[in-house]
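I opened the model today to look up charge pairs, strands and cores. My notes follow in the order I made them.

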Amino acid sequence: MKKYFLLLVLICCSNFIFSLDAEYFENNKKVDFLYVKSPEGLRIRNKPDLSGNKIGALYDRMKVKIISVGEKTTIDGIKSNWIKILLPIETAQAKENIYGWIFGGYLTDKLDPFSTKEWTDNDLKRYICRFSWVTGINSYYQFDTDGSYKMGRLESGAGGYGKYTVSMNNKTISVKASYGDEFFESEVKTEIYKITKIEEDKITLNIDNGEFTLRPSLTNDCFYKFLTQKNFNPSSFELPSYNALMFSFSSDLIKNIDSKDFVKNSTHNLIKMGIYIEDDEYKKEYNLYWN
């Protein structure tokens with residue numbers, strides 16, 4: 001009994017040690033962005049109160065644009081502040097900036113190195129549901145939180161639909177799906193995708209004895225087309241990929257898009273969405289907009 005009590009104390013203490021408390025926000029009045037530190041994610045509300053309506057959610061390790069610091073409160077034993085943040089996707093789709101509120105106790109100013117060491121099945125599931133994934137030129141994979149699975153080829157009717165489960169212990173994704181096109185549909189078949197490597201911005205799977213690296217689909221042509229326009233409205237397939245812009249690795253992915261003019265043509269939307277890129281000219285325009 002004593003051992004369990006000490007464990008509980010350690011857990012509570014770790015929350016205080018690694019959380020951004022009210023003192024942090026008192027000493028840091030001007031913060032541009034912070035990161036989510038909550039494996040289960042973090043709710044976004046329409047007002048700085050637990051009674052506020054849930055208007056969205058953030059994944060662990062997402063980068064958030066800080067607009068202002070609100071009132072102090074205590075949640076889960078952590079005394080911190082309500083934080084007003086920019087909602088990038090909603091802002092890009094609207095004619096004005098859209099904001100929400102999150103609890104600052106589950107934010108951090110410095111990300112730990114990405115690691116899957118303590119991951120459970122739920123952590124793995126949350127990870128693969130973050131994005132629509134692409135591999136090769138036009139193959140894509142989607143894993144949804146309800147356990148549904150879809151794969152196919154962009155601009156083609158060929159593909160598969162079914163269900164999936166995950167096992168972190170076995171490092172596998174098990175899929176039961178039927179495949180075909182508008183003229184043919186196979187019987188349901190079971191496949192085991194062996195996970196060979198998980199990185200923050202990609203996952204490598206062994207499928208049918210072949211190795212495939214899946215990346216967030218923001219590298220496809222649709223992402224470029226929509227983001228370089230003044231107004232865009234991503235589809236349900238593309239929307240999870242726009243979430244990648246809220247992760248710290250997004251600036252590297254943006255730079256890797258095969259177009260020299262991409263950042264120049266998309267500057268308006270990227271800055272409006274609060275996306276920070278390490279580029280001198282870009283930073284000047286970013287600071288002019290937000291300061």
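**Entry 1: salt bridges**

I began with aspartate 112, which forms a salt bridge with lysine 37; their closest N and O atoms are 3.1 Å apart. I count a salt bridge when a side-chain nitrogen of Lys or Arg is within 4 Å of a carboxyl oxygen of Asp or Glu. This is a predicted model, so local features need pLDDT of at least 70 and side-chain atom pairs count only at pLDDT 80 or more, while totals for chains, interfaces and linings use all residues. Residues are numbered from 1 along each chain as its sequence is written, and side-chain values use heavy atoms, with hydrogens and water left out.

Where do aspartate 112 and lysine 37 lie? Aspartate 112 is in the loop between strand 7 (107–108) and helix 4 (121–128), and lysine 37 is in the loop between strand 1 (33–36) and strand 2 (42–45), so the pair ties together parts 75 residues apart in sequence. Helices (H or I, at least four residues) and strands (E, at least two) are DSSP runs, numbered from the N terminus.

Aspartate 112 is partly exposed at 43% relative accessibility. Lysine 37 is partly exposed at 29%. My cut-offs are under 20% relative accessible area for buried, over 50% for exposed, and partly exposed in between (1.4 Å probe, protein chains only).

Next I took glutamate 200 and arginine 61. Their side chains meet in a salt bridge of 2.9 Å, N to O. Glutamate 200 sits in the loop between strand 13 and strand 14 (202–207), and arginine 61 in the loop between strand 3 (54–58) and strand 4 (63–75), so this pair ties together parts 139 residues apart in sequence. Are these two residues buried or exposed? Both glutamate 200 and arginine 61 are buried.

I also looked inside helix 4. Arginine 126 and aspartate 123 both lie there, three residues apart, about one turn of the helix. They form a salt bridge, with the closest N and O atoms 2.6 Å apart. Arginine 126 is partly exposed at 26% relative accessibility, whereas aspartate 123 is buried at 14%.

How many salt bridges are there by this rule? The count comes to nine.

**Entry 2: glutamate 199**

Lys197, Glu199, Asp201 and Lys202 are linked in a network of salt bridges. I followed glutamate 199, which is in strand 13 (residues 189–199). Its relative accessible area is 23%, so glutamate 199 counts as partly exposed. Not counting residues up to four places away in sequence, glutamate 199 touches Phe114 and Tyr127. I score a contact when heavy atoms are within 4.5 Å. Glutamate 199 and phenylalanine 114 are 85 residues apart in sequence, yet 7.5 Å apart in space, C-alpha to C-alpha.

Strand 11 (residues 159–167) and strand 12 (residues 172–180) pair in the antiparallel sense over nine bridges. I call two strands paired if DSSP finds at least two bridges between them. Strands 11 and 12 form a hairpin with four residues between them. Lysine 171 in that turn has a positive phi of about 55°. Glycine 160 stands opposite tyrosine 179 in strand 12.

Strand 12 also runs antiparallel to strand 13, joined by six bridges. Here alanine 177 has lysine 189 in strand 13 as its bridge partner.

**Entry 3: cores and tyrosine 149**

The largest nonpolar core has 54 residues. Such a core is a set of buried Ala, Val, Leu, Ile, Met, Phe, Trp, Tyr and Cys residues joined through side-chain atoms within 4.5 Å. Which residues have the most contacts inside the largest core? They are Leu58, Ile128, Tyr149 and Ile173. A second, separate core of 18 residues includes Ile89, Phe226, Tyr242 and Tyr276.

I listed the partners of tyrosine 149, leaving aside neighbours within four places in sequence. Among them are Gln142, Gly160, Ala177, Tyr179 and Tyr193.

Glutamine 142 lies in strand 9 (residues 139–143). Glutamine 142 is buried, with a relative accessible area of 12%. Its contacts beyond four places in sequence include Ser132, Tyr149 and Phe237.

**Entry 4: whole chain**

The chain has nine helices and 15 strands. Buried residues make up 46% of its 291 residues.
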